[in-house]
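Please keep the sequence and the structure in view while reading.

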Amino acid sequence: MKRRVFLQRSAALTSLSFAGFASAQDQGHSDKPRLLVVLLRGGMDGLTAVPPVGDSLYNSIRPQIAIQKSLRLNADFGLHPQLEGMHTMWQAGQLAVVHSTGFQYTGRSHFEGQDIMQTGVMKPYASSSGWIGRAMEQAKVDSGVAISIPMPLILRGHDKATTQFPNWMPTLSDQDLAAVASIWAKDPILSAYTEVIREANLDKTLNSTNRVSFQNNRSMQGLARTAAASMRLESGPQVGLIDMTHGFDTHASQGAEQGSHADKLRDLDQLMVTFREEMGAKWANTLVLTVTEFGRTAAENGTNGTDHGVGSCCFLAGGLVTHAKVYADWRGLQKSSLFEERDLPATIDVNAVFAKVLERVFALSPKTLANAGVLEYKTSPLLNGFLGV
Amino acid sequence: MQSNLVSKFTRRVAFGVPGDQGLPADPVAWASAQVTGLPPIDVLEPDGKRRQDLPTDMRLLWSMDEVMHAFEQHKRSERLSFEKAKELSTKDFQNYRERTVYTPFMRLEHWKEVQARETTALYGQAPVFERFWHFWSNHFMVAPGNQNNDTLVGPFQRSLRPLMLGKFREMLFNAVTHPGMLVYLDNNRNTGPNSKAARQKWTKDSINENLGRELLELFTLSPRAGYTQKDVEATTLILTGWRDMKPDKRHKGQALGTYFDFDRHEPGSQEVLGKKYTALFRPSGKLEDLVTDLANHPATAEHLATKLCVYFLDDAPPAAAISSVKEAFINSQGDLPTVHRAVIQACWTHLEHTRKFVSPETWFLQVLTLTGMEPPRPVPITKSTPGIKTTNLLGDLGQGLPRCPQPNGWPIRSMDWISKEMLDRRLRVLGVLADMSRRTGKAQQAMRHIVAGSQRDVPPYETAAQLLLKPEVQADMRLAWVAYLASPTLLWS
């Protein structure tokens, strides 16, 4: 089978003429880049999010669920119609896609996969820290925040990374908090949290939600607002994380332009657009990265859905994206090119993408990252010049 | 044995014993006696009697006919509501959905199931049994969120209770073939490509691996056993044709509401872990044989023993604890009361050197037990019912029952329940409950429990114990609640 390699120099509009962004870049020299990571749990179907419209087999292996009316990226790839806001970013040169990418893990288990996507270690349950947490530690980043109630594994390993989530419950008094500090003082795990809990209880802006706005705050847009509210501050956290739990696991009736997978993509789109708006001038110095544990079967299954697979796609958005471009080593959808004749293969190791992201945001080279045990050394020639590093 | 250790044990295997009640004299016998019988479950009053003020539609669903009927009604009302969408304004449509779909089939259903679960843990006959039920209903997770399965969730979880008195093999088979599981993991549409239904094109459905994979990965072997994609595919084929049934004449009265549809079943034989499963005269027997083999596989005993010890003892349980539970499992051919007694014994043997940061639900139930407070429970529950709701409080703490995000259940490791947000919320929930004790006239009673309990439970060398001896702390309600219930001793069981 003839190997087709797409290295798309995108013909998208690249009118980088937003005045606000230009000036922000000028003032941004001393300013540290911001990274927002969005976890897409359940295994995003890359062939639905970024349909390979130029691949003649796409429609025939997905008779019920192929996306017919995609937004144009280039001759070979489209964007799901629910990703309108992200399409605008593409047109502004602020969205890049890496396709047919994934981990060197082919076990197809959600739980192993979600462990691996967060630890960055290809053996499941082998690490208790996350690749971003370790990178933050290595780069001596001041802080990071997960917009989440539990602390996601991906940020563990950095002692200043914290969690924050909209909360209606009344704050504790200073006296109560002082008592907590004293009773937890001898417990090494609990005592690490007394100061941040005190700060969270004293911060009026975090605790002023009434019941109605509390509900809105928990929507994807609300979470994006919460993340941006602290990340856009000069002294704010350099790293943010939003966890879109579950929902991408579409075994049955996943729909096409509309339907359950489309609903999740609309959530993602709203999250991205809100985050861009709320970051204001800081957007120019920001990168948003999506991470999912695996892709899905190339062909639809017997119940108008898709089963667990290997390769998917990965979105990068923000002012730090240098080219609106689809990076892919596309081998086609014919059976012989698929992994085990069923899954979109991971032809670009997504760890190489992550290494580039860390290099751009934290100025740590892939070699440094590997030597420090942050992320195994992976590169891909297809990613040369990716993000300008 | 010191009282604080015995009380730790009662929190380890149950939800603690209130400070004004005596601790068991023989803790292991006390706990072991609770795993041999089947305690009833219902929405209970503090005296253990069934709550009487509930409207008739707030009864739990018990018979499979009732359950499947409610499930079909939910699906029907959902379809009807979408037909109405064309003729109604957005606002009227939302109100209509609230009245006909959300309130009767979701809010009420989840309210009564969560209330039954929590009040049975607090006021039922055997809190130790409830802790093990919480384990198994987490191991075989069925959560809302697929094909309007909301009315199946509670009945599925409760169906595991009587099976806790038998062999693991029976629990496994019933869990895998219960309509709640078949719908949750999409197996009701899993159809063999060479089945009659597929060949004659009665359906476009074909194979769906969702249940087949979790049967191997989550319920039995775990990936450490080293099975392959081929094993997953063969398991999936063996599962084809197992469906939930419609409550029509043809299916009425069948056990479990489960229907084996031979027309959707993949004919022939399949091979899992090197063993061939053949139909012979009874094709549904393939699954029965596979489940038997999986239940008796040593990797399953290893997986379950480890998981039980992590759940009850410590994130890194002593190897001796795991091997004692594993041995009990293998020697008794997976007899669950025997396994549960082995876990209880291991909890006791390794009590001093293990510790567990319990899940928000378990901690919440401990707080209610140790303060004598009732779970907040306004009735009836609609979107606009005012007041604090138990389901919402659990969600605020990070464990919004019954909406578990993924089929692997809620986390069982301590470190997954510790974050700034989670700790902050536990502290704030104490404030909310302390205020509630004042509003409901229970403040004095709760304080008596706290003072007695803190002297019994918190070792004297802990700062919290010293704090709680001070009269000014005993006089400040919120401070006393926090000092006792957020002390490291009570956060770590």
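Ser100(A) has its place in strand β4 of chain A, where strands (E, at least two residues) and helices (H or I, at least four) are DSSP runs numbered from the N terminus. Phi of Ser100(A) is near 55 degrees, a positive value in a residue other than glycine. Most residues other than glycine have a negative phi, and most peptide bonds are trans. Ser100(A) counts as buried because it has 28 C-beta neighbours inside 10 Å; a residue is called buried if 20 or more other C-beta atoms lie within 10 Å of its own, exposed if 12 or fewer, and partly exposed in between, with C-beta atoms placed from the backbone.

The model is a predicted one, in which local features need pLDDT of at least 70 and side-chain atom pairs count only at pLDDT 80 or more, while totals for chains, interfaces and linings use all residues. Residues are numbered from 1 along each chain as its sequence is written, and chains are lettered from A and ligands numbered from 1 in the order in which they are written.

**Confidence and overall make-up**

The predictor gives the complex an ipTM of 0.90 and a pTM of 0.87. Its confidence in each residue is the pLDDT, which runs from 0 to 100. In chain A, pLDDT stays under 50 over residues 1-29, for which the model has 47 contacts beyond four places in sequence; two residues are in contact if their C-beta atoms, placed from the backbone, lie within 7 Å. The table sets out some values for each chain.

| Property | Chain A | Chain B |
|---|---|---|
| Mean pLDDT | chain A: 88 | chain B: 92 |
| Residues with pLDDT of at least 70 | chain A: 89% | chain B: 98% |
| Helices and strands | chain A: 14 helices, eleven strands | chain B: 23 helices, four strands |
| Buried residues | chain A: 56% of 389 residues | chain B: 52% of 493 residues |

Among contacts in chain A between residues at least 6 apart in sequence, those that join residues at least 24 apart make up 73%.

**Chain A**

The domain assignment, which is automatic or from a database, divides chain A into domain 1 (38-164 + 211-388) and domain 2 (169-208), and the C-alpha centres of these two domains of chain A are separated by 34 Å.

Helix α4 (residues 84-91) of chain A has Gly85(A), Met86(A), His87(A), Met89(A) and Trp90(A) as buried residues. The elements that cover the buried residues of α4(A) include β4 (95-102), β2 (71-72), β3 (78-79), α12 (260-279) and β9 (312-317) of chain A. After α4(A) comes Gly93(A), with a positive phi near 75 degrees.

Helix α13 (residues 350-362) of chain A has 13 residues, which at 1.5 Å a residue should span 18 Å, and this agrees with the 18 Å between its end C-alpha atoms; the expected span is 1.5 Å times one less than the number of residues. Because 13 of the 13 residues of α13(A) are buried, this helix is largely enclosed by the rest of the structure. Ala363(A), which follows α13(A), has a positive phi near 55 degrees.

**Chain B**

The radius of gyration of chain B is 24 Å, close to the 23 Å that the globule rule gives for 493 residues, so chain B is as compact as a globular protein of that length; the radius is taken over C-alpha atoms, and the rule is 2.2 Å times the number of residues to the power 0.38. Along its principal axes, the C-alpha trace of chain B spans about 80 × 60 × 40 Å.

Domain 1 of chain B (3-26 + 358-491) and domain 2 of chain B (28-41 + 127-349) have C-alpha centres 33 Å apart. Between them, 18 residues of domain 1 of chain B are in contact with 24 residues of domain 2 of chain B.

Asp186(B) is found in the loop between α8 (179-184) and α9 (196-199) of chain B, with a positive phi near 65 degrees. With 23 C-beta neighbours inside 10 Å, Asp186(B) counts as buried. In the loop between α17 (390-396) and α18 of chain B lies Pro402(B), which is joined to Leu401(B) by a cis peptide bond with omega about -5 degrees.

**Where the chains meet**

In the contact between the chains, 42 residues of chain B touch 42 residues of chain A. The elements of chain B that give two or more residues to this side are α10 (210-219), α18 (420-439), α20 (463-469), α22 (477-485) and α23 (488-491), and α18(B) gives the most, with eleven residues.

How values were computed
pLDDT is the predictor's confidence in each residue, from 0 to 100.
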